[in-house]
Amino acid sequence: AELSADGVLDLAPVIPVVVLDDAEAAVPLARALVDGGLPAIEVTLRTPAALDAIVRIAAEVPDAVVGAGTVVRPEDAERSAAAGARFLVSPGCTSRLQVAMAATGLPFLPGVATASEAIALLEDGITAMKFFPAEAAGGIPYLKSIGGPLPQIRFCPTGGISPGNAADYLALGNVGCVGGSWLTPADAVRAGDWERIRKLAAEAAALR
Ligand code: 3PG
């Protein structure tokens with residue numbers, strides 16, 4: 001069955017947000033996350049290695065569902081799709097970016113931080129969104145508040161989520177999953193400490 005944006009939110013309680021400097025690390029890192037129980041992986045387009053990393057994960061880790069994050073330019077959307085991304089995530093959204101992401105046919109989680117941004121997307125039938133930057137933009141109290149007038153939106157809060165607050169986010173009715181970079185600490189990736197990453201993923205997978 002085709003993956004929907006709601007389906008992306010339902011893949012796991014946590015979407016690891018990954019910054020990769022070396023595409024060689026992509027496959028063992030993705031395997032560690034999948035083995036730990038986190039199949040959805042957001043590779044951010046913040047490094048030159050990102051698209052190659054997406055290509056490799058898509059080709060070599062069949063149980064992973066690899067997506068592209070930090071999609072901020074319209075051309076990022078098509079490039080990510082061509083690399084094999086199965087979903088797209090953006091930290092914010094403009095109408096041009098939204099059109100470009102929709103044109104790929106892939107599910108996408110556009111970033112929002114205000115009611116007006118969320119309503120603009122609702123007007124186009126989009127109900128699954130990233131809430132970014134979650135902690136800085138108001139965190140759990142904000143999500144509770146916006147769930148009053150806009151209960152139809154399901155969020156993936158990202159930005160400042162940690163093992164210490166993830167379970168509280170996940171307990172909210174309008175949170176589908178959370179995103180975060182804590183699963184793949186830079187020193188563990190550099191050292192190739194895949195067992196540490198697998199353990200972090202396993203702890204996160206057990207959050208709900
Ligand atoms: C993102 O790109 O969504 C954030 O940079 C991830 O935020 P975190 O590093 O606070 O988890």
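The largest nonpolar core of this predicted model has 70 residues. Within that core, Ala30, Leu33, Ile54 and Leu88 touch the most other members. The element that gives the most to the core is helix H2, residues 26–36, with six residues. As general background, nonpolar side chains in soluble globular proteins tend to be buried together.

I turn now to the strands. Strand S2 covers residues 40–44, and four of its five residues are buried, so the strand is largely enclosed by the rest of the structure. S2 pairs with strand S1, residues 14–18, through two bridges, and these two strands run parallel. At one of these positions, valine 17 has glutamate 42 of S2 as its bridge partner. Between S1 and S2 the chain passes through H2, and this β-α-β crossover is right-handed.

S2 also pairs with S3, again in the parallel sense, over five bridges. Here isoleucine 41 is partnered with valine 66 in S3. Helix H3, residues 50–60, forms a right-handed β-α-β unit together with S2 and S3.

Next, the ligand. Which residues surround the ligand? They are Val17, Thr44, Gly69, Thr70, Phe132, Thr158, Gly159, Gly160, Ile161, Gly179, Gly180 and Ser181.

Threonine 70 lies in the loop between strand S3, residues 65–69, and helix H4, residues 74–83. Its phi is positive, at about 55 degrees, although the residue is not a glycine. Is threonine 70 buried or exposed? The threshold for a buried residue is 20 or more other C-beta atoms within 10 Å. Threonine 70 has 21 C-beta neighbours inside 10 Å, and therefore counts as buried.

What kind of peptide bond joins phenylalanine 132 and proline 133? The bond is cis, with omega at about -10 degrees. Proline 133 is located in the loop that lies between strand S7, residues 128–131, and helix H7, residues 139–146.

Note on methods: Residues are numbered from 1 along each chain as its sequence is written. This is a predicted model: local features need pLDDT of at least 70, side-chain atom pairs count only at pLDDT 80 or more; totals for chains, interfaces and linings use all residues. A residue is near a molecule or strand if its C-beta atom, placed from the backbone, lies within 6 Å of it. A nonpolar core is a set of buried Ala, Val, Leu, Ile, Met, Phe, Trp, Tyr and Cys residues joined through C-beta atoms within 7 Å. A residue is buried if 20 or more other C-beta atoms lie within 10 Å of its own, exposed if 12 or fewer, and partly exposed in between; C-beta atoms are placed from the backbone. Two strands pair if DSSP finds at least two bridges between them. A crossover is right-handed if, with the strands pointing away from the viewer, the path from the first strand over the helix to the second runs clockwise.
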